[in-house]
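I opened this model to go through its domains, its metal site and its cores. My entries are below, in the order I looked things up.

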Amino acid sequence: MTTFDIPSLDEVHSTVPESDSLPGRCVPYHLSAGEGERYQLGGQLLTVIARPQDTGGQFGAAYVYGGAGVETPFVQHSDEFRFLYVTDGRLQVWLPGETNILVAGDAVSIPPGTPYAYRMLAYRTRFLSWLTVGDGHSWGAESGTATQSHVFDISADQNVSDARQSELAAQYGIRVLDLEKKDLPSSSGSILPQSNSAYVLRAGEGDRWASMDQLNTYLARSRNTDSTYFAMHTSGGKSPYIPLHFHRQHTENFFCLEGRILLHANGKEILLTKGDFLHAPAGTVHSFSFAGHSTQMLGLLTTGVFEKFFEYMNRPTEAHVHVEGGDMTFPGEGFGRARAELDLEVVGPPPTPGG
Ligand SMILES: [Fe+2]
């Protein structure tokens, strides 16, 4: 069994995040869009932005970028949940009994043991791929060819034979299945299931909560992931920093989908724009603010321990976008409840932008 280098909370507190390289151990780090380990993989560019050794074995993450017509066979992961969030283009995904065409803002959750496949339908299709464990990306990397390029090569052949690819897959807990891609009905994609079954969630749908002109949408809840992570989409206009804090038990991952996000991480201020990523493992002293109109952020938090925070801080809403001009009062009561009940240690007031 693989063991990972997990520094103490004190060591994480004092680690200023490096930019644009993978650390090889579980510390805070930041990657600009396009940075990470890159592989050409049969017409797709795989950009690995988090490997198991960078996250203490909690997850792996990558961007997948490709052109119309690129497709995968049906596969099935024995241990990993996979979560895909489409940022550009159109992606057709087959799940048991259904097939769905996803566009920017749509997400799909695929539990272990579920056969699935995808096909890209537009040039410049891109999605974020999240895997608990992260072995699936290692399979992709090993089946592909390392590259310094930041764009996919549509003419690049698969680097290994189908037989060799299946053999490699088995080493990473993945089975390649000989199933046909049929014309199947699509899902409404409007609700999160009550259990850990596979689902599609379309942009603007789902379990939505609002306050301070921000809309918070659960894209995956603990019940959907066996409490390994939950996914939160936040959209809103400009907003101030929240109080500086850290978590003892969970990792927070910030992905900028649109607009501008200012992050404070162990004393360093970092601006995120589309495609940028910050990994803030337990112990990282952090805060964020939205620095642009109509900013969108995806938060993927491991484990599910902090899920209730967004319920404590917000009210349920039927809105599909954030509102402007509402009540901007900080929900102090909800924040107090979160400090008392959840994994939240406040260490200072909101930082000053630029400070
Ligand atoms: Fe946090």
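The notes start with the ground rules and then turn to the chain.

**Ground rules.** I am working with a predicted model, where local features need pLDDT of at least 70, side-chain atom pairs count only at pLDDT 80 or more, and totals for chains, interfaces and linings use all residues. Residues are numbered from 1 along each chain as its sequence is written, and side-chain values use heavy atoms, with hydrogens and water left out.

**Domains.** I looked up the domain assignment and found domain 1 (35–177) and domain 2 (206–348); such bounds come from an automatic or database assignment. To their contact (heavy atoms within 4.5 Å), domain 1 brings 16 residues and domain 2 brings 22 residues. I noted 26 Å between the C-alpha centres of the two domains.

**Record.** In UniProt, an unreviewed entry puts "domain: Cupin type-2" at residues 71–119 and 241–294. UniProt positions follow the numbering used here, feature names are shortened, and annotations may be inferred rather than shown by experiment. I checked both spans for helices (DSSP H or I runs of at least four residues) and strands (E runs of at least two), numbered from the N terminus. Residues 71–119 are 0% helix and 61% strand, with end C-alpha atoms 4 Å apart. Residues 241–294 are 0% helix and 56% strand, and there the end C-alpha atoms lie 16 Å apart.

**Iron site.** Which protein donors does the iron ion have? I found His 245 (NE2), His 247 (NE2), Glu 252 (OE) and His 286 (NE2), at 2.1 to 2.2 Å. Donors are N, O and S atoms within 2.8 Å of the metal (3.2 Å for Na, K and Ca); water is not among the atoms, so sites may look incomplete. Their sequence spacing reads H-x1-H-x4-E-x33-H. The arrangement is irregular because the four donor atoms subtend angles of 84 to 171°. His 245 and Glu 252 are both buried, meaning under 20% relative accessible area (1.4 Å probe, protein chains only).

**Cores.** I then listed nonpolar cores, sets of buried Ala, Val, Leu, Ile, Met, Phe, Trp, Tyr and Cys residues joined through side-chain atoms within 4.5 Å. The largest has 40 residues, of which Phe 83, Leu 300 and Phe 309 touch the most other members. Helix α5 (residues 309–313) gives the most to this core, four residues. Domains 1 and 2 both give residues to this core, so it lies between them. A second, separate core of 26 residues includes Leu 46 and Met 120.

Notes: Four donors count as tetrahedral if all angles lie between 85 and 135 degrees; four count as square planar and six as octahedral if opposite donors are over 155 degrees apart and all others between 65 and 115; anything else is irregular. Buried means under 20% relative accessible area, exposed over 50%, partly exposed in between (1.4 Å probe, protein chains only).
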